[in-house]
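Biologist: I am new to this model and would like a close look at one strand and what surrounds it. Please take the chain shown here as the starting point.

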Amino acid sequence: MFAGLPAVTAQASTTRFVDGFEVDPSVRWEPLTSGDGRADFDIAQGFARSGANDGWLYTGQGWAAERIAVPIGTWPDRSNCRAEIYAQPVGGGAQVALEIWDPNGWHKLTSTAPFLPGSGYQPIRTSGINLTRIDKVYVQAIFGKDNGVKQFVRLDDMTLQCS
């Protein structure tokens with residue numbers, strides 16, 4: 001009956017939210033700090049992984065974070081979601097966390113905090129998580145230190161992907 005037709009494999013649709021700090025990051029990204037932490041953006045300074053802009057975190061005795069709200073309530077499938085961001089520890093390695101938060105009660109839904117060796121941009125990826133019953137999440141990169149040695153970490157190319 002269907003002889004000669006190519007086989008078709010059903011695939012779940014994938015929905016992505018991407019932000020590389022290019023569209024007025026001061027409106028889209030929220031900096032958070034404690035202690036001597038600072039969080040801000042480089043606009044056309046030549047430090048970005050891609051594009052012209054990047055975000056950065058800086059601390060020696062405290063923490064700094066950048067977070068962005070991502071509305072996902074209309075996404076067709078949110079059963080397997082993960083976040084990714086690229087981080088560049090300036091002047092050597094650093095441990096940088098990537099988190100997904102539910103703003104309804106401010107519950108941390110998932111987190112990963114790998115040590116990033118070296119000084120180039122490196123990906124940080126969360127594990128998959130089911131966000132089916134959530135309409136909006138915050139994706140947050142956070143960097144903390146308590147030894148007093150101040151260090152920058154640059155951020156770029158954040159993606160939240162669900163399928």
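In β12, which residue is the bridge partner of Arg82? Please go on from there to the rest of that strand's surroundings.

Modeller: The bridge partner of Arg82 in β12 is Gln161. Before going further, note that this is a predicted model, in which local features need pLDDT of at least 70 and side-chain atom pairs count only at pLDDT 80 or more, while totals for chains, interfaces and linings use all residues. Residues are numbered from 1 along each chain as its sequence is written, and side-chain values use heavy atoms, with hydrogens and water left out.

Strands here are DSSP runs of E with at least two residues, helices are runs of H or I with at least four, and both are numbered from the N terminus. Two strands pair if DSSP finds at least two bridges between them. Strand β6, residues 81–89, runs antiparallel to β12, and eight bridges join the two. Strand β1 (residues 15–19) is also antiparallel to β12, with five bridges between them; here Asp19 has Met158 as its bridge partner. Five bridges likewise connect β4 with β12, again antiparallel. Opposite Arg154 of β12 stands Trp56. In a regular strand, side chains alternate between the two faces of the sheet.

Of the 12 residues of β12, 10 are buried, so the strand is largely enclosed by the rest of the structure. Buried means under 20% relative accessible area, exposed over 50%, and partly exposed in between, using a 1.4 Å probe and protein chains only.

A disulfide is a covalent bond between the sulfur atoms of two cysteines. The structure holds one, and it joins Cys81 to Cys162 with an S to S distance of 2.0 Å. Cys81 is in β6 and Cys162 in β12 (residues 151–162), so the pair links distant parts of the chain, 81 residues apart. The torsion about the S-S bond of Cys81 and Cys162 is about 115 degrees, so this disulfide is right-handed. Both Cys81 and Cys162 are buried.

Aromatic rings come next. Rings of Phe, Tyr and Trp (its six-membered ring) pair if their centres lie within 6.5 Å; planes under 30 degrees apart count as stacked, over 60 as edge-to-face and the rest as tilted. There are five such pairs in the structure. One of them is the tilted pair of Tyr58 and Phe152, 4.3 Å centre to centre with 35 degrees between the planes. Tyr58 belongs to β4 (residues 53–59) and Phe152 to β12, so this pair ties together parts that are 94 residues apart in sequence. Tyr58 is buried, at 18% relative accessible area, whereas Phe152 is partly exposed, at 33%.

Another tilted pair is made by Trp106 and Tyr138, 5.0 Å centre to centre and 50 degrees between the planes. Trp106 lies in the loop between β7 (94–102) and β8, and Tyr138 in β11 (residues 136–145), so parts 32 residues apart in sequence are tied together. Trp106 is partly exposed, with a relative accessible area of 37%, but Tyr138 is buried, with 13%. Ring pairs also link Phe21, Trp29 and Phe41 into a cluster.

How values were computed: A disulfide is a pair of cysteine sulfur atoms within 2.5 Å.
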